[in-house]
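I opened this model to look up how its parts pack together. These are my notes, in the order I made them.

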Amino acid sequence: MNTGLCVLTGATGGIGQAIAKTLHAQGWQLLLVGRNGDALNVLSSQCPGSMTFVGDLTVAENMLALAIKAKKLGGAKLLINNAGINVMQSLSSCSSEQIDNLLSTNLAVPMKLCQLFLEQLQANRGTIVNVGSSFGSIGYPYQTLYCASKFGLRGFSEALSRELSDTGVRVTYLAPRATDTDINDAQTRAMNKALGNQMDSPQLVADELVALLNSNKTRRFIGFPEKLFARINGVFPSIVDNAIAKQLPKIKSFLG
């Protein structure tokens with residue numbers, strides 16, 4: 001697709017860095033977004049010509065300032081909602097603040113950014129990529145908050161894609177499986193290894209994102225058997241219920 005200004009949230013995370021470097025190599029102008037200014041500066045130096053925006057996007061004023069900065073640069077052609085957080089624990093042990101923070105970061109912020117950037121994207125006939133998860137299609141124990149946010153993001157992306165289908169703005173959804181980044185703590189990594197779950201490299205996810213951009217598709221799911229389970233879960237969820245029930249004792253053994 002034609003290049004232009006790409007606004008990338010969560011730029012300093014593992015997946016974000018891989019996306020930034022891959023798109024920079026393809027000629028995209030990058031506006032890298034994150035909370036850690038030092039990390040953003042390091043990444044920007046690795047992607048010469050890119051710009052940075054430091055701020056917590058759960059703060060409304062920061063989201064507005066980001067949109068204004070992008071508009072001054074000619075407006076976004078590509079918005080990638082990549083920022084996300086996760087916690088693996090039981091619902092009973094989650095605090096109210098954790099629930100609010102995770103749903104805000106993973107779901108409300110991407111929705112609000114899509115709304116804020118809509119005028120720019122329409123003017124540039126641009127594209128939105130919402131980075132979800134295989135857990136946006138498969139409810140998984142001790143991932144209740146994360147699943148809720150990613151199920152919501154998948155539904156939002158699908159609805160918005162259909163809503164904007166006649167406007168020139170393309171809305172897409174990318175669903176990675178477990179990826180080798182810091183979002184997965186030691187206990188999650190140990191659990192994935194014990195269950196035989198594969199972890200993809202951030203570069204593989206970045207390459208899959210580029211493949212999605214270069215296709216005419218609105219969805220792309222990464223990894224087998226996860227994308228097969230996602231389809232089965234949509235049609236015969238009881239099969240997945242039974243499969244996960246067998247894993248439950250092992251999953252519990254890795255909880256703190």
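**Entry 1**

I began with helix α8 (residues 226–235) and helix α9 (residues 237–252), whose axes come within 5 Å and cross at roughly 120 degrees. That makes α8 oblique to α9. For the record, angles under 35 degrees count as roughly parallel, over 145 as roughly antiparallel, 65 to 115 as roughly perpendicular and the rest as oblique. Axes are lines fitted to C-alpha atoms, for helices over the stretch in contact, and the angles run from 0 to 180 degrees between N-to-C directions. Helices (H or I, at least four residues) and strands (E, at least two) are DSSP runs, numbered from the N terminus.

I then listed who meets whom. From α8 come F229, I232, N233 and V235, and from α9 come P237, I239 and V240. Contact here means heavy atoms within 4.5 Å. I sorted the residues of this α8 and α9 contact into six nonpolar, one polar and no charged. In that sorting, Ala, Val, Leu, Ile, Met, Phe, Trp, Tyr, Cys and Pro count as nonpolar, Asp, Glu, Lys and Arg as charged, and the others, Gly among them, as polar.

**Entry 1: ground rules**

I noted that this is a predicted model, where local features need pLDDT of at least 70, side-chain atom pairs count only at pLDDT 80 or more, and totals for chains, interfaces and linings use all residues. Residues are numbered from 1 along each chain as its sequence is written, and side-chain values use heavy atoms, with hydrogens and water left out.

**Entry 2: the cis bond**

I checked the peptide bond between F224 and P225. The bond is cis, with omega at about 15 degrees. P225 sits in the loop between β7 (219–221) and α8.

**Entry 3: the cores**

Which residues have the most contacts inside the largest nonpolar core? I found V7, L66 and F117, in a core of 28 residues. A nonpolar core is a set of buried Ala, Val, Leu, Ile, Met, Phe, Trp, Tyr and Cys residues joined through side-chain atoms within 4.5 Å. Buried means under 20% relative accessible area, exposed over 50%, and partly exposed in between (1.4 Å probe, protein chains only).

I traced the suppliers next. At least two residues of this core come from each of β1 (5–8), β2 (29–34), β3 (51–54), α3 (60–72), α4 (96–123), α5 (144–163) and β6 (170–175). The largest share is from α4, with six residues.

Leaving out residues up to four places away in sequence, L66 touches V7, L31, V33, F53, L57, L113 and F117. There is also a second, separate core of 26 residues, which includes L23, L43, L209 and L212.

**Entry 4: α3 against α4**

I compared the two axes. Those of α3 and α4 come within 10 Å and cross at roughly 30 degrees. That makes α3 roughly parallel to α4.

On the α3 side I noted M63, L64, L66, A67, A70 and K71. They meet V109, K112, L113, L116, F117, E119 and Q120 in α4. The residues of this contact divide into nine nonpolar, one polar and three charged.

I looked again at E119, in helix α4. Is E119 buried or exposed? E119 is exposed, at a relative accessible area of 58%. Its C-alpha atom is 9.8 Å from that of V169, 50 residues apart along the chain.

**Entry 5: two loop residues with positive phi**

R125 is in the loop between α4 and β5 (127–131). R125 is not a glycine, yet its phi is positive, about 50 degrees. R125 is exposed, with a relative accessible area of 57%.

Y142 lies in the loop between β5 and α5. Y142 is not a glycine either, and its phi is about 65 degrees, also positive. At 17% relative accessibility, Y142 counts as buried.

Where is D200? I found D200 in the loop between α6 (186–195) and α7 (202–213). D200 is buried, with a relative accessible area of 7%. Not counting residues up to four places away in sequence, D200 touches R177, A178, T179, D180 and I222.

Last, I looked up A83, in the loop between β4 (78–81) and α4. A83 counts as partly exposed, at 27% relative accessibility. With residues up to four places away in sequence not counted, A83 touches T9, G10, T105 and N106.
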